Amino acid sequence: MISFTKFLKESQFSQVVALLLLLLLLVLGAIPGYLTAHWNWQELPRITNIKELQNLPRKGLSVPGWQTVEQREQEIGEGKWSYQVIQKQGDQTKAIVLLRPQRGSKDQPVVEWTEMNSFWQWQIAQYRSADFTVKPQKAGSNAETKVEARFFRASTGQQTFAALQWYAWSNGGHSSPLRWFVVDQIAQWHKKRAPWVAVSILIPMEPLGQVETTWNQAKSIGQTVQAALMTGPL
C-alpha cells in the first residue's frame, strides 16, 4: 500500500503539473482574445445537456444491476446532491451513491470533498489513490475510459464506510478539480464544454476494518456508475 506521505507528494506533484498546464492553456487561449478584443470566458460555449444534469439530484441515476431502495435530493454545503441507496439485484449488498452535477455554465468543481467531509464529520484513514477503467460505451470504439479516484476509510460515530470519490466527465474522471479545468479548457478550444458530476460512493464496512477488503466491490460499483453517467446525463 502507498504510504500517505508518498501519496501526498505524488498528488502535489500531479496538481502542480496540472496547474502549469492550465496556466499555459489560459495564456494561449488569451492571446487570440487580446488581439481581437474578444474574450472566450465572456461567452462560454453552451452545455447542451444542462437540463439532464440539473434534474439529476431530484431524479437520481439508473444503475444497471442495482435496485434503488431510496433516493432524495440532499443539500450538502452549498450544493444539491442526489442521495441514493442502491441494493444489488439478487443479494443484500447495499451502497450509497451521492451525485452532485454541474448546475450551470460557470459552475466549477472546487470544495465538494471538503463539504462532504464536513457534512459527515468523518475520521479518514487508509487514504490512497485508486485507478479503474470503464469499457468503451460507443460501438466501434476501442478506447477505455480511465478514472483516477480517491479511496479511503471514513468513520463516523455510528458507522464506517469505504469511500470512493471522483469528478466524472464524458470521457474520464479524476479526484482533482485541476484535472477537470484542463479538460474543460481543451474542450472550449473546440467550442465545447466538459460537463462534470462529483461522485461519492459509500460502502458500509466493519469498524476499524481494512478498506482494501472492499476494493473489488468499490471498483465494480465505480465502473458501473461512471458508465451510467457517460451513457446518461453526461
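This is a predicted model: local features need pLDDT of at least 70, side-chain atom pairs count only at pLDDT 80 or more; totals for chains, interfaces and linings use all residues.
**Exercise 1.** Work out which residues of helix H3 are buried, on which side of H3 they lie, and what covers them.

*Solution.* Begin with the helix itself, which spans residues 112-120 and has Glu112, Trp113, Glu115, Met116 and Trp120 as its buried residues. Next, consider their directions: because these residues cover an arc of only 160° around the axis, they fall on the same side of H3. Finally, look at what covers them, which includes the strands S1 (66-76) and S2 (79-88) together with S3, S5, S6 and S8.

**Exercise 2.** Describe the largest nonpolar core, naming the residues that touch the most other members and the element that gives the most to this core.

*Solution.* The core holds 35 residues, and those touching the most other members are Leu164, Trp166, Val199, Ile201, Val225 and Leu229. Several elements give two or more residues to this core, among them strand S6 (160-169), strand S8 (197-205) and helix H5 (215-231). H5 gives the most, with 7 residues. Apart from this core lies another, of 24 residues, including Leu98, Trp120, Tyr127 and Phe152.

**Exercise 3.** Characterise the second largest pocket by its volume and its lining.

*Solution.* The volume of this pocket is about 360 Å³. Its lining consists of 15 residues, of which Ser170, Lys192, Arg193, Ala194 and Pro195 lie nearest the centre. Sorted by class, the lining has 7 nonpolar, 4 polar and 4 charged residues.

Notes:
Residues are numbered from 1 along each chain as its sequence is written. Side-chain values use heavy atoms; hydrogens and water are left out. A nonpolar core is a set of buried Ala, Val, Leu, Ile, Met, Phe, Trp, Tyr and Cys residues joined through side-chain atoms within 4.5 Å. Buried means under 20% relative accessible area, exposed over 50%, partly exposed in between (1.4 Å probe, protein chains only). Helices (H or I, at least four residues) and strands (E, at least two) are DSSP runs, numbered from the N terminus. The arc is that of the directions from the helix axis to the C-beta atoms. Contact means heavy atoms within 4.5 Å. On a 1 Å grid over the protein atoms alone, a cavity is a set of points where a 1.4 Å probe fits but cannot get out, and a pocket is an open set with protein on both sides within 12 Å along at least five of seven lines; lining residues have an atom within 4 Å of a point. Grid points are joined across faces, edges and corners, and a volume is the space filled by probe spheres set on the points. Ala, Val, Leu, Ile, Met, Phe, Trp, Tyr, Cys and Pro count as nonpolar, Asp, Glu, Lys and Arg as charged, and the others, Gly among them, as polar.
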